[in-house]
2 protein chains.
Amino acid sequence: MRRLLLLLFLAHPFWCLAQEKDLVQYANPLIGTHKMGHTYPGATVPFGMVQLSPETDTIPYEVDGRYNPTVYKYCAGYQYDDATIVGFSHTHFSGTGHSDLGDFLLMPTEGKLQMNPGTEDNPESGFRSAFSHEKEQAAPNYYQVFLEDDGINAELTTSNRVGFHQYTFPESSEAHIILDMMYGIYNYQDKNVWTFIRVENDTLVTGFRQTRGWARTRTMYFAMTFSKPFKEYGTKDYSKKQVYKGFWRKFDPSKNFPEIAGEQLRMHFDFDTEEGEKIKIKFALSPVSTNNALENLNAEIPHWDFEKAKKEGQRLWQKEFEKIKVETSKAEDMVNFYTAMYHTFLGPTTYMDVNGQYKGLDQNIHQAKGFTNYTTFSLWDTYRALHPFFNIIQPKRNADMVQSMLAHYDQSVHKMLPVWSHHANENWCMIGYHSVSVIADAVIKGNAGFDANKALEACVVTANYRKYDGLGYYIDLGYVPEDKNSSSVSKTLEYAYDDFCIAQMAKKLGREDIFQKFSKRAENWKNVYDASIGYMRPKLSDGSFRKEFDLLSTHGQGYIEGNAWNYSLYVPHDPATMIEMMGGKKKFVKHLDSLFTMELPDEFFAHTEDITREGIIGNYVHGNEPAHHAAYLYNWTDQPWKTQERVRMILKKQYQATPDGLGGNDDCGQMSAWYIFSSLGFYPVAPGSDQYAFGSPAVEKASLQLGNGKTFEVEAIHQNDKNVYVKKIELNGKTLNRHYLTHSEIANGGKLTFYMSARPKK
Amino acid sequence: MRRLLLLLFLAHPFWCLAQEKDLVQYANPLIGTHKMGHTYPGATVPFGMVQLSPETDTIPYEVDGRYNPTVYKYCAGYQYDDATIVGFSHTHFSGTGHSDLGDFLLMPTEGKLQMNPGTEDNPESGFRSAFSHEKEQAAPNYYQVFLEDDGINAELTTSNRVGFHQYTFPESSEAHIILDMMYGIYNYQDKNVWTFIRVENDTLVTGFRQTRGWARTRTMYFAMTFSKPFKEYGTKDYSKKQVYKGFWRKFDPSKNFPEIAGEQLRMHFDFDTEEGEKIKIKFALSPVSTNNALENLNAEIPHWDFEKAKKEGQRLWQKEFEKIKVETSKAEDMVNFYTAMYHTFLGPTTYMDVNGQYKGLDQNIHQAKGFTNYTTFSLWDTYRALHPFFNIIQPKRNADMVQSMLAHYDQSVHKMLPVWSHHANENWCMIGYHSVSVIADAVIKGNAGFDANKALEACVVTANYRKYDGLGYYIDLGYVPEDKNSSSVSKTLEYAYDDFCIAQMAKKLGREDIFQKFSKRAENWKNVYDASIGYMRPKLSDGSFRKEFDLLSTHGQGYIEGNAWNYSLYVPHDPATMIEMMGGKKKFVKHLDSLFTMELPDEFFAHTEDITREGIIGNYVHGNEPAHHAAYLYNWTDQPWKTQERVRMILKKQYQATPDGLGGNDDCGQMSAWYIFSSLGFYPVAPGSDQYAFGSPAVEKASLQLGNGKTFEVEAIHQNDKNVYVKKIELNGKTLNRHYLTHSEIANGGKLTFYMSARPKK
């Protein structure tokens with residue numbers, strides 16, 4: 001299955017028309033759609049509200065009241081090795097390890113009306129259809145698939161808030177568009193709370209869908225318009241009994257009745273079509289109201305020209321991609337690089353209507369003043385490299401994302417910055433409160449297009465919310481006790497890092513008191529280090545370390561998504577001290593070497609849910625985030641050449657231009673941001689500091705357009721697959737005799753030159 | 001049970017303090033709370049959004065999946081003969097025959113925390129409490145009851161959008177306020193769609209409750225503030241399994257956790273209290289958002305002075321009552337009259353925040369420009385006398401109500417004016433579309449403070465919506481065929497009357513084309529008259545009358561809420577022609593006499609749901625509306641003195657100053673409006689015409705303050721219980737030799753003098 005996708009690109013018009021600077025051609029949305037990447041192949045624009053993408057199954061979240069582990073594969077709705085498509089829905093996460101969304105499934109069909117999706121084994125028993133990858137294309141803002149059951153060609157494109165469908169039908173007097181309001185990702189019985197639909201006229205339908213999923217109180221509104229009037233329409237109501245429906249007997253609610261509500265509804269819209277006739281649908285979203293959805297629709301795509309909409313979206317992608325122009329020695333690396341950029345620009349997503357209104361965490365409607373409101377903050381993942389990447393390449397957007405987090409804070413009944421938030425909800429997923437890292441990183445790097453003092457206050461208040469996840473214990477004891485709160489080591493380490501971030505920000509803002517207090521808290525990682533074994537270890541509330549302890553397991557050992565081998569390295573803000581405590585540089589190199597080379601027992605993989613076996617190198621887990629900085633830690637030893645070697649190996653092993661080319665969840669762009677930084681030769685080991693640790697660049701050349709109008713160039717002389725070691729680094733022609741680059745050196749513009757070699761510089 | 005309530009008034013402070021002009025003292029909210037009146041005894045201001053009233057049971061809408069007929073008693077939440085109170089909720093209909101609402105039940109308790117309501121037999125098993133009428137008071141904008149179980153005195157008052165609770169506790173370290181978000185009127189499993197609550201701080205709670213009841217898609221928002229910080233609080237979640245609650249394990253959601261959502265929730269707030277300590281709660285509503293609820297709260301009651309709020313609301317009642325000052329020979333009639341006025345001013349209710357925002361039928365948020373938006377239009381009832389009454393006494397409000405109906409029309413996906421609408425929903429209850437009567441009556445009577453031409457268009461479009469309830473058949477055939485659509489005779493008669501209204505309005509607005517067309521349609525009542533039997537009779541689509549036909553039954557005979565005897569008289573816009581068709585005046589008088597005097601078989605009452613046996617006089621059903629004009633029809637014969645006699649008899653029999661004093665549902669004020677008109681001596685037999693038929697006044701004197709600044713006076717010389725016949729009528733001193741008064745004669749101001757006698761003028 002790991003075959004190269006380049007062949008597919010030959011069929012892609014952009015490949016043929018490619019000009020020197022056409023970068024859109026390189027990004028391949030199918031990468032990561034097989035196995036654990038959890039990316040979606042559909043159409044979207046950079047940071048777009050609409051993610052219009054195919055769904056390949058209707059797996060329920062629960063079977064017989066118990067969690068169905070198969071659902072995990074479908075976090076993004078599509079799995080590359082599936083044989084059928086159920087339809088196309090408008091909202092998707094990219095690369096998450098838990099899911100939600102999948103709003104408003106549309107499916108075109110022909111022939112006898114079928115209101116059930118049918119099964120994968122027998123797609124003709126329902127409205128789903130078989131398809132093949134030979135008749136499928138995916139590109140930024142364009143997805144096409146031929147639906148074999150009924151001979152319908154489906155094409156999708158988008159603007160920020162509008163999905164644009166183009167369905168080419170055969171001649172028929174029974175052409176249908178199904179609107180399935182029951183479909184959802186991570187769907188379980190009763191996830192649909194309420195659905196409301198109005199057929200405004202014979203080309204316009206509006207409504208909303210309210211769900212209680214990962215986002216517990218969520219409503220998405222829509223306005224849907226057809227290029228051609230439907231001749232008939234109808235509703236099939238799968239809801240629980242409508243107790244008061246007696247009053248509705250005045251009408252036949254199943255046919256041509258324009259006022260529909262219930263929990264579980266599907267609709268059909270019927271047409272006559274000529275051979276090759278295209279029926280187009282524009283489907284606008286709003287987090288606020290159907291009126292706003294209509295306004296979004298009319299503002300963004302006031303025409304019916306599918307090609308025009310597609311090109312406008314692709315122009316946006318080209319513009320974003322041009323922010324980093326790279327040259328690579330291998331075509332596949334161009335695909336990997338721009339696909340990584342594509343994935344990093346999929347989110348956070350716009351969560352605001354064209355008129356500036358959005359729904360807040362308090363479920364009130366707010367007006368964004370002077371910023372774009374974003375949602376979907378997978379912060380435990382993305383604080384590491386994605387937001388630092390945005391600070392370089394998307395500083396304005398990153399500042400708006402911080403403003404969105406501050407709005408969340410203002411609206412939070414806890415007075416907490418976001419942990420993992422989406423669609424006007426806090427879902428509390430994972431640990432820490434890494435908003436503070438994102439905010440501190442922006443402040444430290446001079447990208448604070450927001451009220452930095454208010455932001456600092458929000459960070460301090462958040463860091464003192466004692467009710468949150470062991471934080472009260474942490475404040476009192478200096479660590480989270482495992483007998484009081486699970487994953488206690490991970491939490492202690494991450495709280496300590498967050499404390500460092502707050503301290504750095506306070507220092508920059510002249511708040512010495514806060515700096516002192518949080519600098520002290522930032523040393524709390526030491527409290528869970530067990531010198532007797534040389535690892536971080538769960539400590540109990542009586543001050544003793546827990547006796548039972550398994551260094552390899554990731555379950556119940558005081559860690560989450562990482563074992564002691566990986567997670568013990570998590571002191572990104574003070575590797576030097578950590579290395580010293582762990583026995584000094586030599587011993588530490590040994591630890592790192594073992595991490596990358598040891599062989600794990602088979603049973604380890606039996607309990608790993610969100611990474612493939614390929615996502616692990618030795619015991620180093622790249623498919624999860626806690627060790628993403630680990631390869632760079634050799635820089636703090638006497639053997640930085642090992643960083644260079646490991647990084648290049650990871651780049652090669654963990655990122656491939658195939659559907660299953662991602663070794664773990666892309667996690668809203670964090671995995672891809674790691675790829676971009678590392679390809680460019682440096683990485684932000686500790687966001688919130690102004691330093692980037694050097695690695696080994698994989699590109700030949702790169703030109704970064706900074707948000708401030710300046711350009712920063714990277715060149716790797718003698719670059720090739722074997723010359724993975726860095727002999728010399730020059731900044732603006734002057735040799736750099738250190739293992740890091742500072743942010744101001746990038747921000748000032750200039751040129752970084754790596755001299756590559758096949759032999760390590762020992 | 002029909003004991004006079006006057007004794008109760010002796011305990012009422014208003015009675016003691018009564019000054020000459022204190023009219024608030026006369027209105028008794030307990031009247032109609034026993035048996036079929038379906039009024040509520042709680043606190044509210046005129047046309048207020050909040051109706052804060054006690055609930056005496058938790059009867060479910062369904063038992064074992066089947067309709068539970070007992071629920072019908074609890075349309076307003078309270079039944080006078082119940083022994084316990086469950087709590088106090090904020091929204092109630094007045095006098096309806098179907099129900100909804102009952103939002104946000106509060107209950108103070110003391111001692112061991114109980115989160116279940118318990119049972120009526122054993123109130124101490126739950127948070128409900130026994131109470132007695134000896135320790136209960138009800139007055140406009142004031143309700144008080146002593147809760148015996150825990151020795152707590154509860155007092156309620158309101159402003160338009162804010163409920164104000166005052167609970168006097170004994171000394172306790174376990175005082176509680178229960179917030180029951182599960183309680184509802186006409187409650188059934190799953191009626192609660194979603195509930196969202198935030199504990200903003202230790203005195204403020206916000207949230208919303210969404211239901212799928214009679215209003216299918218309804219959300220009410222709230223903001224609740226305590227006069228004293230609670231020491232602890234907690235939630236009991238009776239919801240279905242929360243599938244994703246794993247992410248919430250960071251917190252204990254049951255105790256002091258401020259972010260709560262689910263379908264079925266109850267909360268408790270705990271206090272320490274001293275003996276006699278008052279804990280006060282202000283509870284604001286909004287149809288739009290929690291932010292708006294807070295704004296309503298702060299705008300309307302910015303203080304904690306319960307007495308002040310109570311007096312302010314009672315001042316509003318006094319102001320409204322002063323619009324008609326009456327003198328009666330009996331104190332009880334004063335109570336009846338001002339209680340009737342009280343009931344007529346309970347609705348339609350304000351459905352708009354202080355900032356002018358409201359939720360529309362399309363579920364979007366709208367801004368009311370230049371009018372107050374109202375909701376709860378029980379139009380099949382209220383078009384008859386309530387809105388005509390408003391046209392005299394509340395012209396500005398009535399014009400705003402019409403504007404509210406026009407906004408509904410604008411927002412309707414059907415493009416229909418309201419039928420029976422409440423809380424941004426059309427519930428489609430009953431028949432016809434009597435908005436057109438209300439609009440036409442306002443236009444004809446010169447109270448069109450709205451765009452009359454647009455209103456006419458809305459009426460015409462509504463009257464041509466073929467999908468609605470047999471209307472397509474009516475348009476094509478001139479009648480609704482019983483084999484196609486049930487209650488066909490009632491519908492035909494009412495559509496014909498509505499057509500008359502449209503025609504009259506069109507004439508006044510110079511639209512001759514519409515006048516002609518609808519004048520013709522207005523004669524359609526003739527199509528269902530069966531001359532062979534002298535009654536209206538269901539006709540089939542083949543043009544023949546249905547053979548099976550029972551003159552007495554109200555079920556399946558082509559009628560709804562009335563039998564052939566009563567409903568055959570429903571040609572309010574052309575009694576003269578009707579009488580002629582029915583065999584002339586003599587025969588018609590016989591029919592009417594029989595109606596009022598015949599004896600009905602017992603089985604008739606077995607099938608009558610919404611009126612007491614006392615609500616029927618002979619076969620004349622005053623407890624339902626279709627024959628409300630019937631007594632006035634003698635005016636079109638040679639024996640108008642029988643109208644006088646019958647009207648006085650109905651006034652006496654059907655309206656008594658006792659809890660069970662109303663013979664049928666008050667129906668949002670229609671029954672009470674009948675009382676007021678008839679007490680004043682005239683009645684609008686055909687709203688949409690400018691005439692009022694004379695009856696026999698029951699007051700001695702009345703002075704009506706018209707909206708235009710003028711005064712219209714009524715005097716009944718020689719008035720007493722026996723002098724029920726009218727010897728002579730003078731308008732401004734000149735004898736009137738006709739049986740009707742015109743609207744302009746009222747609107748111009750002046751004096752109407754009845755000379756009463758014990759003997760009929762034959």
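This is a predicted model: local features need pLDDT of at least 70, side-chain atom pairs count only at pLDDT 80 or more; totals for chains, interfaces and linings use all residues.
When the whole structure is searched, zero disulfides are found over all chains. B:Cys429 is likewise in no disulfide, and the nearest cysteine sulfur, that of B:Cys75, is 10 Å away. B:Cys429 is buried too, its relative accessible area being 9%.

**Where the two chains meet**

Chain A and chain B touch through 62 residues of chain A and 62 residues of chain B. Between them the two chains bury about 5,500 Å², and 54% of this area is on carbon and sulfur atoms. Of the area that chain A buries against chain B, 16% is supplied by A:Arg216, A:Tyr244 and A:Lys250, which is more than any other three residues supply. As background, the size of an interface is often expressed as the accessible area that is lost when the parts come together.

Charged and polar groups also meet here. The count of salt bridges between chain A and chain B is six, and one of them joins the side chains of A:Arg212 and B:Glu263, with a distance of 3.9 Å from N to O. Across the interface there are 23 residue pairs in polar contact, with both residues at pLDDT 80 or more. Several elements of chain A each supply at least two residues to the side that touches chain B, namely strand S13 (192–201), strand S14 (204–211), strand S17 (259–262), helix H3 (290–300) and strand S23 (365–367). Which of these gives the largest share of that side of chain A? It is S13(A), with six residues.

**A covered strand in chain A**

Strand S11 of chain A, residues 162–169, is mostly covered, since eight of its eight residues are buried. In a regular strand, side chains alternate between the two faces of the sheet. In S11(A), A:Val162, A:Phe164, A:Gln166 and A:Thr168 point one way, while A:Gly163, A:His165, A:Tyr167 and A:Phe169 point the other way, and all are buried.

Strand S10 (residues 152–158) of chain A is joined to S11(A) by six bridges, and a hairpin of three residues leads from S10(A) to S11(A). In the pairing of these strands, A:Leu156 has A:His165 as its bridge partner. Eight bridges join S11(A) to strand S19 (residues 277–286) of chain A, again in the antiparallel sense, and here A:His165 stands opposite A:Ile281.

**Two open sheets**

Chain A has an open sheet of six strands in the order S20-S33-S34-S38-S35-S36, and its pairing is mixed. Its edge strands are strand S20 (324–327) and strand S36 (734–735), each of which pairs on one side only. Within this sheet, strand S33 (residues 701–705) and strand S34 (residues 711–717) of chain A pair antiparallel over five bridges, and A:Leu704 stands opposite A:Phe712 in S34(A).

In chain B, three strands form an open sheet in the order S31-S32-S37, with antiparallel pairing. Strand S31 (682–683) and strand S37 (740–742) of chain B each have a single partner strand, so one side of each is left without a neighbour in the sheet. Strand S32 (residues 691–694) of chain B pairs with S37(B) over three bridges, and B:Ala693 has B:Tyr740 as its bridge partner there.

| Strand pair | Bridges |
|---|---|
| S10(A) and S11(A) | six bridges |
| S11(A) and S19(A) | eight bridges |
| S33(A) and S34(A) | five bridges |
| S32(B) and S37(B) | three bridges |

**Two buried helix residues**

A:Ser488 lies in helix H12 (residues 488–508) of chain A, and this serine is buried, with a relative accessible area of 0%. Apart from its neighbours within four places in sequence, A:Ser488 is in contact with A:Val480, A:Pro481, A:Glu482, A:Pro538 and A:Gly558. A:Gly618 is 130 residues from A:Ser488 in sequence, and 25 Å separate the two from C-alpha to C-alpha.

In chain B, B:His591 lies in helix H16 (residues 585–597). Is B:His591 buried or exposed? At 10% relative accessibility it counts as buried, because the limit for a buried residue is under 20%. Leaving aside neighbours within four places in sequence, B:His591 is in contact with B:Tyr535, B:Trp565, B:Leu569 and B:Met582.

Key. Residues are numbered from 1 along each chain as its sequence is written. Chains are lettered from A and ligands numbered from 1 in the order in which they are written. Side-chain values use heavy atoms; hydrogens and water are left out. Two strands pair if DSSP finds at least two bridges between them. Helices (H or I, at least four residues) and strands (E, at least two) are DSSP runs, numbered from the N terminus. A disulfide is a pair of cysteine sulfur atoms within 2.5 Å. Buried means under 20% relative accessible area, exposed over 50%, partly exposed in between (1.4 Å probe, protein chains only). Contact means heavy atoms within 4.5 Å. Buried area is the accessible area (1.4 Å probe) that two parts lose on being put together, summed over both. A salt bridge is a side-chain nitrogen of Lys or Arg within 4 Å of a carboxyl oxygen of Asp or Glu. A polar contact is a pair of N or O atoms within 3.5 Å; within protein, one must be able to donate a hydrogen and the other to accept it, and residues adjacent in sequence count only if both atoms are side-chain atoms.
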